[in-house]
Amino acid sequence: MKKIFIFAAATLMSLSTMAGKKTVIAIGEFESVSAVSHTVEEKVQQNVISGLSAVNHLQMLESQDGLGADYLINGNVLSYNVTRIIKEDGSVWWKTTMSYSLDVTNLKDGTKVSKTFKYDGSDGLLNVKYGYSQDENASNEAVFNYIPKDMKIFAAETFPLSGQVVESDYTLDKKGKLTQCYITLGSEDGVSEKSKFEVLLGKVVAGRTTTSKAEVTLQVVEVVAGDLARCKVTGKDAATVAAALEAYAADPNAALPVQVKMIPPKDLGGWF
């Protein structure tokens, strides 16, 4: 096994400057269909803000027009229903369902994406998210409690955490395949030992930078610092990634750094 370590002031500088860079999110207006109360509309907005605020690499901004932000999020509560159910044994249960959508505008290029969230059990066996309780208030609160959890996955999909592989310290096996490396992300970014990353390799074609996804996965095995984590590397393109690291370390002006992007966690639905 071969361990590569190159002391470089430029690398240390890149680590320090990349740390703490956050994506700025502005929360705009939230609307709803006429059948939904303003109270429900406000609670959805509050829980969206709460969930996104807990994501380390995001910074929330109070700005209805998005001034000073990278992205603007507007919301729409599409439905909210509370049903009283009487069972055969005479017991009374309450079922609460809800759906809402989020519209995200990239304020740099104007592109937009939308996503709808449904808490009504309609998305298959694993998505059984809805409120159900003998206490009406508990049933109602249950649907709102799903929102902050879903925002973590939504943030990973829509505003992916990204960084670089450190080109000055990594490990190769006897065949020249990358087996271990460090990335410029750590505890300050919310990285944990459960975090996984995909690798993007860049090249310049006709004056434009393009990227392609390498068939490797980085699994964090140790969070070393606020802006540094050690990863185990698996996948058939491990040698290709190693070559890209060596090329960038040899001449940063002629090659591109190896980029990483967090893989969103899986949503196992309301029963898990």
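Which residues are buried in α3? The views below come from a predicted model.

**View 1. Buried residues of helix α3 and the elements they pack against.** In α3, the buried residues are Ser139, Asn140, Val143, Phe144, Tyr146, Ile147, Asp150, Met151, Ile153, Phe154, Ala155 and Ala156. The packing partners of these buried residues include one helix, α2 (38-53). The strands β3 (58-61), β4 (71-86), β5 (92-106), β6 (112-119) and β7 (131-133) are also packed against by the buried residues of α3.

**View 2. Span, bend and N-terminal cap of helix α3.** The helix covers residues 136-158, 23 residues in total. From first C-alpha to last, α3 reaches 34 Å, close to the 33 Å expected at 1.5 Å a residue. At Asp150, α3 bends by about 30 degrees; Asp150 is also among the buried residues of the helix. The N-terminal end of α3 is capped by Asp135, which places a side-chain oxygen 3.0 Å from the backbone nitrogen of Asn137.

**View 3. Ala206 in the loop between β10 and β11.** Ala206 is not a glycine, yet has a positive phi of about 55 degrees. Most residues other than glycine have a negative phi. Ala206 is exposed, and its relative accessible area is 80%.

**View 4. The second largest pocket and its lining.** This pocket holds about 560 Å³ of space. Its lining is made up of 22 residues, and Lys21, Thr23, Pro160, Leu161 and Ser162 lie nearest the centre. Strands β8 (162-172) and β13 (259-262) each supply at least two lining residues. The largest share, three residues, comes from β13.

Note on methods: Residues are numbered from 1 along each chain as its sequence is written. This is a predicted model: local features need pLDDT of at least 70, side-chain atom pairs count only at pLDDT 80 or more; totals for chains, interfaces and linings use all residues. Side-chain values use heavy atoms; hydrogens and water are left out. Helices (H or I, at least four residues) and strands (E, at least two) are DSSP runs, numbered from the N terminus. The expected span of a helix is 1.5 Å times one less than its number of residues. The bend at a residue is the angle between axes fitted to the seven residues ending there and the seven starting there. Buried means under 20% relative accessible area, exposed over 50%, partly exposed in between (1.4 Å probe, protein chains only). Contact means heavy atoms within 4.5 Å. A polar contact is a pair of N or O atoms within 3.5 Å; within protein, one must be able to donate a hydrogen and the other to accept it, and residues adjacent in sequence count only if both atoms are side-chain atoms. On a 1 Å grid over the protein atoms alone, a cavity is a set of points where a 1.4 Å probe fits but cannot get out, and a pocket is an open set with protein on both sides within 12 Å along at least five of seven lines; lining residues have an atom within 4 Å of a point. Grid points are joined across faces, edges and corners, and a volume is the space filled by probe spheres set on the points.
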